[in-house]
Amino acid sequence: MSPGNVAVFHGGKMKLIDRRLKLTELLLRCSATLLALLALILIVTNTQVKQIFTIEKRAKYTDMKALVFLVVANGIAAAYSLLQSVRCVVGSMKGSVLLDKSLAWAIFLGDQAMAYISVAAIAASAESGLIGIRGEEKLQWMKLCNMFGKFCNRSAGGTATALLASVALVFVSCISAFSLFRLYGGGATQRHPNLSVTK
């Protein structure tokens, strides 16, 4: 047995809990993938043309840096969640007994990073949206959503969809944290008496 690997033996009840936990993780990761991808599509394809006197003004997501950040964050989250979903499926098919601590740490840190990036992107997008709706008199920023209502509504829909993806990522990060830290709990796992485990 290689260092860092822990042989985990569960009773029937723990096996049932593990199966349900893995299924929940897979469903959450698939949901995060689909929702993040949908949010990305909603925002990237969002555009509106407005005729102001003789000037034609086109509103698109690249006009707002917060929306660009949201698109990038959702693209990364969708790709990451898809890869992790594949890992979950492969792991379930193999039915592996060994869980590598370094891999568990990598998954935990990756999930945490995705959750934080997603939340930060949504916060930035929501703040920009509020400024677009209300304006900012002190900084002399005009209200834009009264002129580009369709653009603002669809951007709001994309941000709301990204928020749902973020919620899924937060729950996934909680599951990965549980999966990691239970490896260090004495009562959570039982090691085979004939195996010497090197930590």
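**Helices, strands and salt bridges in a predicted model**

The protein contains 4 helices and 4 strands. The model described here is predicted. Along the sequence, these elements follow the pattern β-α-β-β-α-β-α-α. The protein has 199 residues, of which 35% count as buried. Its accessible surface comes to about 12,100 Å², and carbon and sulfur atoms account for 68% of that surface. Among the contacts with a separation of 6 or more, 81% are made by residues 24 or more positions apart.

Helix H1 spans residues 12-44, and helix H2 spans residues 65-94. Helix H3 covers residues 101-134, while helix H4 covers residues 149-181. An unreviewed UniProt entry lists residues 26-45, 66-83, 103-124 and 160-184 under "transmembrane region". Over residues 160-184, the chain is 88% helix and 0% strand, with end C-alpha atoms 37 Å apart.

Two of the strands form a hairpin. Strand S2 (residues 47-52) and strand S3 (residues 55-60) run antiparallel and are joined by 6 bridges. Within this pairing, Gln51 has Glu56 in S3 as its bridge partner. The hairpin has 2 residues between the strands, and Phe53 takes a positive phi near 55 degrees. In a regular strand, side chains alternate between the two faces of the sheet.

Salt bridges were examined next. The count comes to 4 salt bridges. One of them is formed by Glu25 and Arg87, whose closest N and O atoms are 3.1 Å apart. This pair links distant parts of the chain, since Glu25 lies in helix H1 and Arg87 in helix H2, 62 residues apart. Glu25 counts as buried because its relative accessibility is 11%, under the 20% limit for that class. Arg87, by contrast, is partly exposed, with a relative accessible area of 30%.

Another salt bridge joins Arg29 to Asp111, with the closest N and O atoms 2.7 Å apart. Here too the pair links distant parts of the chain, with Arg29 in helix H1 and Asp111 in helix H3, 82 residues apart. Arg29 counts as buried because its relative accessibility is 1%. Asp111 is likewise buried, with a relative accessible area of 2%.

A further salt bridge is formed by the side chains of Asp63 and Lys60, at 3.9 Å from N to O. Asp63 is partly exposed, its relative accessible area being 42%. Lys60 is also partly exposed, with a value of 36%. Elsewhere, salt bridges that share partners join Glu25, Arg29, Arg87 and Asp111 into one network.

Individual residues illustrate how the helices are placed relative to other parts of the chain. Ala115 is located in helix H3 and is buried, with a relative accessible area of 8%. Beyond its neighbours within four places in sequence, Ala115 is in contact with Ser166, Leu169, Val170 and Ser173. The C-alpha atoms of Ala115 and Ala168 are separated by 8.7 Å, although the two residues are 53 residues apart along the chain.

Ser125 also belongs to helix H3. Its relative accessibility of 4% is the reason that Ser125 counts as buried. With neighbours within four places in sequence left aside, Ser125 is in contact with Ala66, Leu67, Leu70 and Thr159. In helix H2, Ala79 counts as partly exposed, at 40% relative accessibility. Ala79 and Ala32 are 47 residues apart in sequence, and their C-alpha atoms are 9.9 Å apart in space.

One of its members, Phe181, lies in helix H4. Phe181 counts as partly exposed because its relative accessibility is 45%, a value between the 20% and 50% limits of that class.

Methods. Residues numbered from 1 in each chain as written. Predicted model: local features only at pLDDT ≥ 70, side-chain atom pairs only at ≥ 80, totals over all residues. Heavy atoms only, no water. Buried < 20%, exposed > 50% of the residue type's maximum accessible area, 1.4 Å probe, protein only. Contact = heavy atoms within 4.5 Å. Areas by Shrake-Rupley, 256 points an atom, 1.4 Å probe, with all protein chains shown as cover. Pairing = 2+ DSSP bridges. UniProt positions renumbered as here; feature names shortened; annotations may be inferred.
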